[in-house]
Amino acid sequence: FVGHQVKGKTIGVVGYGRLGKIICRLFDGWNVNLLGYDPNEFVTTARGVPMDDLLKESDVVFLHVHVTDDTRGMVDEEFLSKMKKGSYLINTSRGEIIDEQALASLLFKKKIGGAGLDVFEHEPEITQKLLESDNVILLPHISSATIESRIAMGDRVLKNIYFFSQGKRP
């Protein structure tokens, strides 16, 4: 089991909202070149670049975008073919932004190095070709699988019930 080190790599972050900014902060001190793209946010802790430049230069591309009419299916064959050969795609945002058939095709052709996904285009179904790929890691959406997160989720439910019972908007 061998892989690549992060030191000296170029990390691209697509979507510079709350989670995109957190990813950039996590890489602080790792001696990486951080690139960021977001059509609606001013990129501060990374070098803001056009999307095509980010895809062409990044060794790892992190996706952190909301699902909208503009982002649904945005990671298609054209998007993926602009990525640097051997690079990795990480999606922990929303599955609907990726065309999984296109991703599986480029993974099998080794046009990109690999992918890490914890959300899927047609959840709970996963594209069969992704299940058969040896250069993809597939996980359930586990970012909330901590004691602290589950307690916070329960607290929010209780607060919403209280607000609703008081005639307020949850």
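A nonpolar core here is a set of buried Ala, Val, Leu, Ile, Met, Phe, Trp, Tyr and Cys residues joined through side-chain atoms within 4.5 Å. Buried stands for under 20% relative accessible area, exposed for over 50%, and partly exposed for the range in between (1.4 Å probe, protein chains only). The model is predicted, so local features need pLDDT of at least 70 and side-chain atom pairs count only at pLDDT 80 or more, while totals for chains, interfaces and linings use all residues. Residues are numbered from 1 along each chain as its sequence is written, and side-chain values use heavy atoms, without hydrogens and water.

**Nonpolar cores**
- The largest core has 28 residues, and Leu63, Phe79, Leu80, Leu89 and Leu103 touch the most other members.
- Two or more residues each come from helix H2 (51-57), strand E4 (60-63), helix H3 (77-81), helix H4 (100-108) and strand E6 (114-117); helices (H or I, at least four residues) and strands (E, at least two) are DSSP runs, numbered from the N terminus.
- H4 gives the largest share of this core, five residues.
- Another core, of 12 residues, lies apart from it and includes Tyr16, Val32, Val60 and Phe62.

**Strand E4**
- Val60 and Phe62 are buried on one side of E4, and Val61 and Leu63 are buried on the other.
- E4 pairs in the parallel sense with strand E1 (residues 10-14) over four bridges; pairing requires at least two DSSP bridges between two strands.
- Four bridges also join E4 to strand E5 (residues 88-91), again parallel.
- Val61 is the bridge partner of Gly12 and stands opposite Leu89 in E5.
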